[in-house]
Amino acid sequence: MRPSRKLGLFLLLNLATIAQAETGAEGWLRYAPLNKTAAANYAALPSQIVVLGNTPTDQAAANELQRGLTSMLGRPFTISNQTEDNISAIILTNLATLNKAFAITGDKLPPESYTLGPKIEGNLHRYIILGADIRGELYGAFHLLELVASQQALPTKPTTESTSSPIRWVNQWDNLDGTIERGYAGRSIFFDNGLVRTDLTRVHDYGRLLASIGINGLTVNNVNSDLRTLEPEMIVEFARIAEQLRPWGVRMSLSVDLSSPQVVGHLPTFDPVDPTVAAWWRTKVVEIYKAIPDFAGFVIKADSEGRVGPSQYHRTPAQAANTVARALKPHGGIVLYRGFVYNNHLDYNDLKADRARAGYDNFHALDGKFEPNVVIQIKHGPIDFQVREPVSPLFAALEHTSQAIELQITQEYIGQQRHMVFLIPMWKTTLDTDLRADNRSTPVKEIVEGKSFHEPLGGFVGVANVGLDTNWLHHPMAMANLYGFGRLAWNPNLTTDQILDTWTRLTWGNNPTVVSTINELQRHSWHTYEQYTGNLGIGTLTNILSYHFGPGIESAERNGWGQWFRADTTGIGMDRTVATGTGYIGQYPPELAKVYEDVNTCPDDLLLFMHHVPYTHVLHDGKTVVQHIYDDHYEGAATAQTYVPRWQALHGLIDNDRYNETLKLLTYQAGHAIVWRDAVTRWFQKESSIPDQQGRVGNYPNRIEAENMTAEGCTPVDVKPWETASNSKAAVCNQPTGCTLSTTLDKPAGTYNITVQYFDYWSGKSHFTLDLNHQPIGAWIADDILPPARAENEPNGDTSTRITFPNIPLKPGDTLTLHGTPDNTEPAPVDYIEISHQ
């Protein structure tokens, strides 16, 4: 049905309203109006869109073109299902419905690809979007819109874009109760109170975002799967989600627990080789496909972190995966079996114990024993999404098994979307690593594409964990990681700058100042975060026994989790060499193993992952290990301090809502980077007994420790971990009416910044007031509720934060007083006050 001209004009007249709604909900699909000069470059695009198919996906593609082009180019675009010989039009179609009159060669197009380009005959101008199939048609429409939005030139002749691999999935770790494991942007868009949500508008919108970057699969529930997942009533519920995703070409999949035949089917066993278990899986799969005809398959986590698995019956992962895969095969479904299988009760005193070995040890002997529709889903590194890890050696060990790389979009160990960390450079480092299997070039990207070992399946899985936050991932900058994952999954040869520049233009506009500033902020943010957290391959150094957010250096040691770095008074690092260590390095192909085995050729940024060395070991840059750690942490924290003034230069160039939200988060990050810097450097100085050559570590002349101030009602408490408070203590108020901390200043007369470092628990809202000579400077409420999944009620590196009052005139003898009033279980805890020049 052709929309009326009035509808087109209505859309056009409301562009101003659309442009002002800058909540981040549209992600990179804002379709902001171009200026007249830019819009004129696309004047040749016909205003009629002819869609030749009539499926929901055809209509979704056509509607998207109409919506985007009308908004961006300032003229109405209309949709028709028929074309006339003498009318210029954008032709939207695919090979299955192609009108042969347009004579576009497409019989050799790979699945999901598309051809985009003009066909001009005299005054007749047609622009063709030809998909190899219905998904290709949709992807072609989104690509045309992306080119216009980012002000790139349209192809002047038919150009084909093809995807790198068939598996381009996103995993969500959503629980049926509505919480999200390792989610930092609100509750689940899928579930609430044990059921699928009544309103699935956000799911439909999520499908649209995913389709725009070429994602074709979505696992909607946690890999730590709820045992109710395969109950008949839940399958009916899941079918409602699949219905919302279907128009966007996104197939739904489910994470399942291998004990389901026993728990859901009430069998006496879930032994994968038992015929009754195999029969149960076949019957259950038929039930699923009746409700969800385009069901994609299952993700399986087993024998890991408390999940049961085939080892309970002395069976292998191959036997378990194959039983499920055979049930799926007649329906076109696949199994993604996670390679994340390890023992989390290792013996720290066993110097040969090594969690990093687990993936290879558990799977390499099974190579070639999996069904063709089984894909091993392998985390990019051998531990667990640390800020830097080497590539998992398992990628090179499975030459006869399809593989998918698992990347984590949600920032579990990397700032949890409260720190800006652009992850594409990290992923590119992994994907471009040449493992040299069989003494030939085998970069990781080509292994997972199936090219290196000629496997039929393979691809990319990203753990996204979007939530009900309006902007999906909480931090406006974090959406670059979701966008970038999709772009890399489609084409891993894209450069970091190509991905970043396009995302910035789509998300923030084409103003040159805006583009260059945001690109520069994002481009180096991973390296900066690595500098002020865990460098040299040591791991992120978060508190792994808590929420994986703030610093907790010793938490990695002397427990069964195996994220050890074996620090002592003389040295640090895991000895993973073949000669004297755990032998992990020997899991790599010989050429790469030789590089890692020798401490002199091992890259410095992986040194402490591969070797145990003295603190005085000299790196390739001429610094000792410990001095490098000091210098890197101070340099990284200093870079984070520049984020706020650089962002403030964009005030007035972007919308206020997103500007202010980003400013708030960058301000927080600048302060938390100092918490990280101080915690890590103080810990290393204490452990090594080697002072910082520049005298910075532990020397903070501008700080006034809260426990040293004159207190009325406050008492000092020890902070744990000790390194997460400036002097390892905090002052807390246990009087419901409030307490005060005061000090007399001896600073020379001048203008200063006054910073209050305090602890903001997620369970209370303490009130603070800062006075100078009994006159208020400012007041605030400690009302942080993020991350939302844990009620942290202690002063530590998770809860440490700050507020700064700039440009305060001071003179000797001034009295500074901090009033704190506790709330609930939050006792208005304070670390220190810092007074510094601008």
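The chain contains 23 helices and 29 strands, both taken as DSSP runs numbered from the N terminus (helices: H or I, at least four residues; strands: E, at least two). The model is predicted, so that local features require pLDDT of at least 70 and side-chain atom pairs count only at pLDDT 80 or more, whereas totals for chains, interfaces and linings use all residues. Residues are numbered from 1 along each chain as its sequence is written, and side-chain values use heavy atoms, with hydrogens and water left out.

The radius of gyration of the chain is 28 Å, in agreement with the value near 28 Å for a compact globule of 838 residues; this radius is taken over C-alpha atoms, and the globule rule is 2.2 Å times the number of residues to the power 0.38. Along the principal axes, the C-alpha atoms fill a box of roughly 90 × 65 × 55 Å. Of the 838 residues, 63% are buried (buried: under 20% relative accessible area; exposed: over 50%; partly exposed: in between; 1.4 Å probe, protein chains only). Among contacts (heavy atoms within 4.5 Å) between residues at least 6 apart in sequence, 74% join residues at least 24 apart.

The accessible surface amounts to about 30,700 Å², and carbon and sulfur atoms account for 52% of this area. The chain carries 67 positive and 90 negative side chains, and the centres of the two sets are 6 Å apart. Lys and Arg count as positive and Asp and Glu as negative, while His and the chain ends are not counted; the charge is placed at NZ of Lys, CZ of Arg, CG of Asp or CD of Glu.

The disulfide is formed by Cys 733 and Cys 739, with their sulfur atoms 2.0 Å apart. The link of Cys 733 and Cys 739 is right-handed, with 75 degrees about the S-S bond. Both Cys 733 and Cys 739 are buried. Cys 714 is in no disulfide; the nearest cysteine sulfur is that of Cys 739, 4.3 Å away. Cys 714 counts as buried because its relative accessibility is 16%. Cys 602 is also classed as buried, at 0% relative accessibility.

Glu 233 lies in helix 7 (residues 232-245). Its relative accessible area of 46% makes Glu 233 partly exposed. Glu 233 and Leu 195 are 38 residues apart along the chain, and their C-alpha atoms are separated by 9.5 Å.

Note on methods. A disulfide is a pair of cysteine sulfur atoms within 2.5 Å. Accessible areas come from the Shrake-Rupley method with a 1.4 Å probe; for residues, only the protein chains shown count as cover.
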